[in-house]
Each structure stands twice: as C-alpha cells, then as structure tokens.
Amino acid sequence: MKILSVNAGSSSLKFQMYEMPEEKVLISGLFERIGIDGSYTIKLNGEKIKKDVELKDHKAAVTILIEELINYGIVKSLDEISGVGHRVVHGGDKYTLSVLITEEVVKVLEELTPLAPLHNPANVLVINVFKELIKDAKQVAIFDTAFHQTMEEDTYLYPVPYEWYEKYSVRKYGFHGTSHRYVAERCAEILGKEDAKIITCHIGNGGSISAIKNGKCIDTSMGLSPNAGLMMGSRSGDIDASMILFMHQNAKMSIEEIDNALNKKSGLLGISGISSDSRDIEDGIKEGNERCILAQKMYIKKIINYIAQYYVELEGADAIVFTAGIGENSIDTRRDILAGLKVLGIEMDEEANNNRGKEMLITKSTSKIPCYVIPTDEEVMIARDTYNLAK
C-alpha cells in the first residue's frame, strides 16, 4: 500500500512516500518559498534533484508533486495512493489520536485557527488540495498536540482566571508530539519495558521536553503556543508575562512587535546577537565570543532545569533521550547537559557521545540513568497512522 506523508508549512511542503507496511521510502522531497518564487528538491535512490519553478500557491506545489510521482514511475496512476497523512500543528483538546479527515474535522481545524494562525490555515488549504486532486485516497490528520492530551488537568491548566480556559481555551497543549511519541516508543523497545519512565528531549531550532510514563505524556514544556518552555533558536521560551506590558509602556512597542521579538528575535539569536543556529553559536564559542558563551550557558541551563523537573515528576527515570537537529548532532550540547546532570548519577561515555545522527547509548554501563540519542522520524509515524486508518 502506497502512503504519502505530508508536512505543510505556511510557505513550504515536505513530503515522503512509503510502501507500507514495509516502511520502504520510495521518494521524498521539499517544496520551498511557496508564494514567493519557488523551488523544490526531490530525493530519489540516494540522488538529490533540485529545480527552480514558480510556485504561486500550495496547489501548484501539490500539482507538481503529483506529476513528479508519475514522471519518476513511483505510481502509474493516482489510484495507487491509498492514503495521505497530514501533519497538523494544532488539534486543540479535540483530538487525542490521529483521525480520518471529514468535513467536520476540517471545520474544527478552521475553528482552531486562533491557536495556530500561521499553521492551521496552511494545513487546511493543503488538505483541501489533496482531497481535490487525489479523490480516492484516505486523508488522515496527525496532530502535533495529540500525544500530549493525556496530561492531567492540574498540569495543563494555567493559574489564570478559569474563565480564560472556559471561554478561550487557554491551556497548555504541547507540540512536537509525533516526535516525542516516536522516540519514546523506540526507547521503550530498546529497554524492553512498556511501563518505562522516559524523558524525551526534542531539541532543534525549536525545542521541547516531555515526561512520559507507561507510553503516555504526563507533562511537556511547550504550552498554549510553541513559544513556551525552553529557550530556543529564536524563541524566548518561558518569561515573566509582565515584561510584555513593561516593553509596551516603556519601549512603546506594539503587542505585535513584542510577539514578533519574542518568537523571532530572542533565544540563541537574541542573546548571541549573531545567529539562531546552534552550529554558529558553537563556532562563536571556539572563537571566544562572550555572548555566544553566555547564550550556550543559558540554553543548557534551561534544558537541565526541565529534565530535573520531570525527573521529580516521574519519581525517577528509566532513560533520557536526545533527538531532533541539536539533540542528534551537537556533541558539545549533549556533553554539557549530561555534565550538569551528574547529581543524578549520570556518567557519559565520551567516545559514544562523539557521534552525530546515529542511534546510540551515550552513557557508561555504570550510569544510573541510560541516555540515548534516537534520531526522530515523524514522517514514518505519519505513514503508520495513515496506513492503519486507511486500510
């Protein structure tokens, strides 16, 4: 059965096609700068093919995607595509699992637009385009928020007027759920323990940490929006909320300007002054850049604080997992985090940690908590859920 995994952003479209249930990747690619000028890259049989082309909207991107699937012989006709799985950023508290997309689901996603104003409209747009162009395929929504909906009320509510929750759905939702679910399931498999207590660290340009018990999320660092919890590439993470009014009154910034600064000009970028990319920060540290050194110290401290908090919430941990761009590839960041967790009896294996992008145990056999690098695979999770619902 051929299943297409789709991840649509406001100006991008990432895709991967699988033969299921074998989970064999047939083709993958990325459409970028949709609505600006446009280009796309296809990866096939280990070869990358890049083309510049006008992409006036997402429909143009999907149309080209379908043409290329036929041109490269991935399918002879669209009837061969049994399902299209869509990564959807926000499902609110409506969905705890992936679902077949109906008119009612689309309506709910539109109603949730205030919670994800950039992403949900793009998700709905691409869903409607695929429904129009590949009519017979089952369309499935896989929500970033779904995995975290097992949190208890005393965890997901904020200590603000309760009416904010009742009237405006103000609460913690959490994100990166598909990634946290994938690495937690893989870690439990490695441990041979279904009831494992696992702390999963999805740290990339965006980042979140989750506490997982018996395969269910009991807490996560992101909140109402993805700009909560950790300091990130350009996001501030947790701040004193009164700062917003302070900057509005004293710097004469509008609410929109402050929101833009907190999401796009803060984090590693805001402190270092040079970049939101962890690799650039590490280069700056090697050159003795004091602000890069400060940015990294703050970044590491925030991650350690959340791991420590979740260690207490879980009453211990069977494993800690690092994943996503920085978690999988930054040797220095992992080393600094584990050094800060020595009090928990963690002993890092220097040689094992000196690897990038591989599944790896990076602690010694004497470590009280094993720590792993597990490369995430959100696309295969989308394909699995789509396959199970489509069949």
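Colleague: Leaving aside neighbours within four places in sequence, what is Ser-367 in contact with?
Modeller: Ser-367 is in contact with Gly-345, Ile-346 and Glu-347; a contact means heavy atoms within 4.5 Å. Before we go on: this is a predicted model, where local features need pLDDT of at least 70 and side-chain atom pairs count only at pLDDT 80 or more, while totals for chains, interfaces and linings use all residues. Residues are numbered from 1 along each chain as its sequence is written, and side-chain values use heavy atoms, with hydrogens and water left out.

Colleague: OK, where is Ser-367 found?
Modeller: Ser-367 sits in the loop between E13 and E14. Those labels are strands: helices (H or I, at least four residues) and strands (E, at least two) are DSSP runs, numbered from the N terminus.

Colleague: What does the side chain of Ser-367 reach, on the nitrogen side?
Modeller: The backbone nitrogen of Glu-347, at 3.1 Å. The Ser-367 side chain also reaches the backbone oxygen of Ile-369, at 2.8 Å. These are polar contacts: pairs of N or O atoms within 3.5 Å, where within protein one must be able to donate a hydrogen and the other to accept it, and residues adjacent in sequence count only if both atoms are side-chain atoms.

Colleague: Is Ser-367 buried or exposed?
Modeller: Ser-367 counts as buried, because its relative accessibility is 10%. Buried means under 20% relative accessible area, exposed over 50%, and partly exposed in between (1.4 Å probe, protein chains only).

Colleague: Now the sheet. In what order do the six strands of the open sheet come?
Modeller: The order is E11-E10-E9-E12-E14-E13, with mixed pairing. Two strands pair if DSSP finds at least two bridges between them.

Colleague: Which strands stand at the edges?
Modeller: Strand E11 (216-220) and strand E13 (360-361). Each has a single partner strand, so one side of each is left without a neighbour in the sheet.

Colleague: And which helix packs on the sheet?
Modeller: Helix H13 (residues 331-340), which touches strand E9 (197-203), E12 and E14. The direction of H13 makes about 155° with that of E12; axes are lines fitted to C-alpha atoms, for helices over the stretch in contact, and angles run from 0 to 180 degrees between N-to-C directions.

Colleague: How many bridges join E12 to E14?
Modeller: Three bridges, between E12 (residues 319-323) and E14 (residues 371-373), and the two strands run parallel. Val-321 stands opposite Tyr-372 in E14.

Colleague: Switching over: where is the place of Ile-212?
Modeller: Ile-212 is in strand E10 (residues 207-213). Ile-212 is buried, because its relative accessible area is 1%. Residues that Ile-212 touches include Phe-147, His-180 and Leu-314.

Colleague: How far apart are Ile-212 and Ile-198?
Modeller: They are 14 residues apart in sequence and 5.1 Å apart in space, C-alpha to C-alpha.

Colleague: What about E3 and E4, what do they form?
Modeller: A hairpin with six residues between the strands, and Arg-33 in the turn has a positive phi of about 55°. Five bridges join E3 (residues 24-32) to E4 (residues 39-44), running antiparallel.

Colleague: Last one: how many helices and strands are in the protein chain?
Modeller: 15 helices and 14 strands. Buried residues make up 51% of the 391 residues, and the C-alpha trace spans about 60 × 55 × 45 Å along its principal axes.
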